[in-house]
Amino acid sequence: MQIKLDVQEDNVQKNAERAKVLGNPKNLLILLALQEKPLSLDEIHNKLKKKSYLHRESTYRALEKLVQTKFLGKEYDQINKKIIYRIK
């Protein structure tokens with residue numbers, strides 16, 4: 001997986017925050033889990049609980065941080081009635 005940051009003088013702070021998020025190995029594991037297809041919180045947590053996140057709340061907070069820093073998008077899946085996370 002390759003991640004590129006377009007650093008310009010006017011977006012240095014934003015990219016510093018994004019780089020900080022990438023500094024957490026658990027967040028990188030989330031991005032790797034989502035490489036194949038979009039997943040729900042429970043699906044991501046079940047994939048990662050053996051490797052990193054023990055608590056569902058920790059997984060949720062990490063996902064929201066990745067959404068906030070624009071690495072992930074989230075949408076409501078009306079058919080399955082759950083929120084799905086995907087790489088932007």
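Guide: The side chains of Arg86 and Glu75 form a salt bridge, 3.1 Å from N to O. By salt bridge I mean a side-chain nitrogen of Lys or Arg within 4 Å of a carboxyl oxygen of Asp or Glu. Before we go on: this is a predicted model, where local features need pLDDT of at least 70, side-chain atom pairs count only at pLDDT 80 or more, and totals for chains, interfaces and linings use all residues. Residues are numbered from 1 along each chain as its sequence is written, and side-chain values use heavy atoms, with hydrogens and water left out.

Visitor: Which strands does the Arg86 and Glu75 pair link?
Guide: Arg86 is in strand S3 (residues 82–87) and Glu75 in strand S2 (residues 72–77), 11 residues apart. Strands (E, at least two residues) and helices (H or I, at least four) are DSSP runs, numbered from the N terminus.

Visitor: How many salt bridges does the structure hold?
Guide: Five. One of them joins Asp42 and Arg56, at 2.7 Å from N to O. That pair links distant parts of the chain, with Asp42 in helix H3 and Arg56 in helix H4, 14 residues apart.

Visitor: OK, helices now. What's the angle between H2 and H4?
Guide: About 80°, with the axes of H2 (residues 25–33) and H4 (residues 56–68) 10 Å apart. Axes are lines fitted to C-alpha atoms, for helices over the stretch in contact, and angles run from 0 to 180 degrees between N-to-C directions. H2 and H4 are therefore roughly perpendicular, a label for angles of 65 to 115 degrees.

Visitor: Which residues meet there?
Guide: From H2, Asn27, Ile30 and Leu31; from H4, Thr59, Ala62, Leu63 and Leu66. Contact here means heavy atoms within 4.5 Å.

Visitor: And the largest nonpolar core, how many residues has it?
Guide: It has 17, and Ile30, Leu63 and Leu66 are among those with the most contacts inside it. Such a core is a set of buried Ala, Val, Leu, Ile, Met, Phe, Trp, Tyr and Cys residues joined through side-chain atoms within 4.5 Å.

Visitor: Which element gives the most to this core?
Guide: H4, with four residues.

Conventions. Angles under 35 degrees count as roughly parallel, over 145 as roughly antiparallel, 65 to 115 as roughly perpendicular and the rest as oblique. Buried means under 20% relative accessible area, exposed over 50%, partly exposed in between (1.4 Å probe, protein chains only).
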